[in-house]
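Please look over the structure below before reading on. The paragraphs after it go through selected features in turn.

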Amino acid sequence: MAKGEGTLAEDVTLLEILDRVIDKGVVIGGEVTISVADVDLLFLGLKLILTSVERAERLRLGPEERLG
Amino acid sequence: MAESCCLYAVVDSTLPIVGRQGLGGGPLRNLAVGEIGAVVGALTPGVLEPTRENVLRYENVVEGLLLDFAVLPARFGTVAADEEAARAAVAAHYQQFVANLRQVKGRVELGLKVLWRGDPTDSCGQGPARVAPGRVQLGPGAQYMRQRMQESHAAQAARQHAERIVAEIDRSLASLPTARWTQVAPTTRLLLSAAYLVDGGRVREFRATVTAMKGRHPALSFLLSGPWPPHHFCYATEGDAHVTDFLAGGDSSLHPRLDAARR
């Protein structure tokens, strides 16, 4: 499916996808967890929302950093 | 032993999914929850690493579902302890999902980003005000404060100019989407970031309207993308989730912060 227009179409497409897939979509707090890199977020109360790749990367840090 | 699974989407059908695979290459399963379905796949190591490839593949999986169903995509990385937990998660919000699926059925999301081609303060014709040099030499502190004031005035003028243009864009597109999500001037160069929920049969008309706007605003760059699954128009239980303005008398209870966000 073609996305975007112009010479920057590829970059725009990736950014648009990231914006949607990482930051939007169905969120059901409490019953399921949002998890990246096999990090189980249940202990954080299942209330975590990823808002960016930066945040996703941060979740890959150790528990001390995550909770701090 | 129960195995964790990825939740990809909630769909408006309980029909089995044939020939489609999840991120790890395993088959997708559609778990019936009343009259709707929770689409899940096996959770295999590495598939939820937030890499470019995984994110693109995730979007491909969801877009594949869009060919057959009304789809509410789950956020990347949504995991349930097992299939029963996924089913229970969807069942706990069943009525909201049914209503939300009704709103997106037959519709797609279109993305629109509008950027200034140059400096926004130049484009609005009100760059930093030039104060005529006075007879008194200003000290460094006074010069700094005057510069800050000029910049502040220019930013305010640019913001007002942006709001006027966004209002015009809203008027031009008013009859086309059934819902919209907008951010005005989230950054200096980005005038508008928006998503629109549009009937599948009106996508061409929407594109033509945006093309016409391009001609009227040579100082702006319009980036139209899609059709997408309705990522911006999905039910969310989280308080800081995105806010969607359903134009056609939609149910704001789907989006807890909608009323608060309306001005």
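What follows covers confidence, a helix pair and the cysteines.

The mean pLDDT of chain A is 52, with 25% of its residues at 70 or more. Within chain A, helix 1 (residues 9-23) has the highest confidence, at 74, while helix 3 (residues 63-67) has the lowest, at a mean of 36. Residues 1-7 of chain A stay under 50 in pLDDT, and the model has 18 contacts for them beyond four places in sequence. Residues 36-68 of chain A also stay under 50, and here the model has 60 such contacts. Where pLDDT is low, the predicted coordinates should not be read in detail.

In chain B, helix 5 (residues 140-173) and helix 6 (residues 203-216) have axes that come within 10 Å and cross at roughly 145°. The crossing of helix 5 of chain B and helix 6 of chain B is right-handed. On the helix 5 side, the contact is made by E168(B), I169(B), S172(B) and L173(B); on the helix 6 side, by F206(B), T209(B), V210(B), M213(B) and R216(B). By class, five residues of this contact are nonpolar, two polar and two charged.

How many disulfides are there over all chains? The count comes to zero, with a disulfide taken as a pair of cysteine sulfur atoms within 2.5 Å. For C5(B), the closest cysteine sulfur is in C6(B), 7.3 Å away, so the gap is too far for a bond. C5(B) is buried, at 3% relative accessible area. The sulfur of C234(B) also has its closest cysteine sulfur in C6(B), but at 17 Å, again too far for a bond. C234(B) is buried, with a relative accessible area of 0%.

How values were computed
Residues are numbered from 1 along each chain as its sequence is written. Chains are lettered from A and ligands numbered from 1 in the order in which they are written. This is a predicted model: local features need pLDDT of at least 70, side-chain atom pairs count only at pLDDT 80 or more; totals for chains, interfaces and linings use all residues. Side-chain values use heavy atoms; hydrogens and water are left out. Axes are lines fitted to C-alpha atoms, for helices over the stretch in contact, and angles run from 0 to 180 degrees between N-to-C directions. Helices (H or I, at least four residues) and strands (E, at least two) are DSSP runs, numbered from the N terminus. A crossing is left-handed if the near helix is turned anticlockwise from the far one by less than a right angle, and right-handed if clockwise. Contact means heavy atoms within 4.5 Å. Ala, Val, Leu, Ile, Met, Phe, Trp, Tyr, Cys and Pro count as nonpolar, Asp, Glu, Lys and Arg as charged, and the others, Gly among them, as polar. Buried means under 20% relative accessible area, exposed over 50%, partly exposed in between (1.4 Å probe, protein chains only). pLDDT is the predictor's confidence in each residue, from 0 to 100.
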